[in-house]
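Welcome, and please have a look at the structure below. This short briefing takes the ligand site and then the aromatic rings.

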Amino acid sequence: MTLDIKPIQNEFGAIVANYDFATPPERAPIAEIRAAIDRYGVLVFRGERAPTDEEHIAFSKMLGPIELGQIIKVTGFDRRRVRYLELVDVGNLDPDGNIFPADHRRMLFRKGDRLWHADMSFMENRATYSMLVGHEVPPMGGDTEFADARAGYEALPDAMKTLVDGLVAEHSIWHSRQLAGFPEPTAEELESRPPVRHPLSHVREGTSRKSLYLASHASRIVGWPIELGRGLLAELTKFATQPRFVYRHQWRRGDLVMWDNLTTLHRGTEFEDTKYRRDMRRTTCRERVIEGQNAGYA
Ligand code: OGA
Ligand code: MN
């Protein structure tokens, strides 16, 4: 199978038409998909129908060690709506399929997705690709925006590049949740996910362009006073997410959008989330096989 790829805007984002998610792994064009995501950062697979949960998971497993299960403990999220542990439920529906009330901890937690971020930057073993399927999408709003962190890096003045290249940032999920108004984490939550450190710029393995690696989970610059570090992180995030670096995805039911968390940033946007249903399920690949987890890597 060859992919039918159409760039969306210059070198950022591309649409892949009519990919057949029923293709068995041994016949799937894996090298082509990797080359396309390395080039475009975001791929929109748009076809006649949505991949099933099983196809979504099988597709993701071809591309890296896949995340299985809950990586953070959020108090009050005890029952799951989606059946497979590989799927992160990022919609607004409770286990019975009803829209969560606005003040539910789960709704507050997901508000954090509306800040620019890279999935799982708060983990040592970071997320590489995320694959999000829109099973039910609101009639308006609820778009997802993506920013090209390579173009953002390349556009920095040389002196800023040099500064950034020497810095390391600390990332914590609780930092971004608090920015989004989520209450002080409980002891159980804090303990489930302590902060980690990553260089502020990097070249993704297997590619040649350098990109920024930061955004809302980044809480401070190592060795800098907190406020000064936050100021620089905010300034760089603002720079990298200027409209000229952004693709805004308007969802159609059934889309599978794949992005590379090591070279792009993303955020959800507002919609009437207590009125309209949004059923979105995500798989996430990781840099390395996950310790103690039987990560099927086909
Ligand atoms: C995600 C995410 C944003 C959205 O699934 O990682 O940030 O628009 N989603 O649902
Ligand atoms: Mn995300």
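A residue counts as buried when its relative accessible area is under 20%. The model shown here is predicted. By that cut-off Tyr-19, at a relative accessible area of 9%, is buried, and we will come back to this residue below. First, the ligand: ligand 1 sits in the largest cavity.

**Around ligand 1**

- You will find ligand 1 surrounded by Val-90, Asp-113, His-117, Asp-119, Leu-132, Thr-144, Trp-259, His-266, Gly-268, Arg-278 and Arg-282.
- Sorted by class, this shell has three nonpolar, four polar and four charged residues.

**Polar contacts and cover**

- For Arg-282, a side-chain N or O atom is 2.7 Å from an oxygen atom of ligand 1.
- For Arg-278, the side chain places an N or O atom 2.9 Å from an oxygen atom of ligand 1.
- His-117 has a polar side-chain atom 3.1 Å from an oxygen atom of ligand 1.
- On its own, ligand 1 has 290 Å² of accessible area, and the protein covers 98% of it.

**Aromatic pairs**

- The structure holds nine aromatic pairs.
- One of them joins Tyr-19 and Phe-21: the ring centres are 4.9 Å apart and the planes stand at 75°, so this pair is edge-to-face.
- Phe-21 also counts as buried, because its relative accessibility is 12% and the cut-off is under 20%.
- Phe-146 and Trp-259 form a tilted pair, with 5.2 Å from centre to centre and 55° between the planes.

Definitions and conventions: Residues are numbered from 1 along each chain as its sequence is written. Chains are lettered from A and ligands numbered from 1 in the order in which they are written. This is a predicted model: local features need pLDDT of at least 70, side-chain atom pairs count only at pLDDT 80 or more; totals for chains, interfaces and linings use all residues. Side-chain values use heavy atoms; hydrogens and water are left out. A residue is near a molecule or strand if one of its heavy atoms lies within 4 Å of it. A polar contact is a pair of N or O atoms within 3.5 Å; within protein, one must be able to donate a hydrogen and the other to accept it, and residues adjacent in sequence count only if both atoms are side-chain atoms. Accessible areas come from the Shrake-Rupley method with a 1.4 Å probe; for residues, only the protein chains shown count as cover. On a 1 Å grid over the protein atoms alone, a cavity is a set of points where a 1.4 Å probe fits but cannot get out, and a pocket is an open set with protein on both sides within 12 Å along at least five of seven lines; lining residues have an atom within 4 Å of a point. A molecule sits in a cavity or pocket if more than half of its atoms lie within 2 Å of its grid points. Ala, Val, Leu, Ile, Met, Phe, Trp, Tyr, Cys and Pro count as nonpolar, Asp, Glu, Lys and Arg as charged, and the others, Gly among them, as polar. Rings of Phe, Tyr and Trp (its six-membered ring) pair if their centres lie within 6.5 Å; planes under 30 degrees apart count as stacked, over 60 as edge-to-face and the rest as tilted. Buried means under 20% relative accessible area, exposed over 50%, partly exposed in between (1.4 Å probe, protein chains only).
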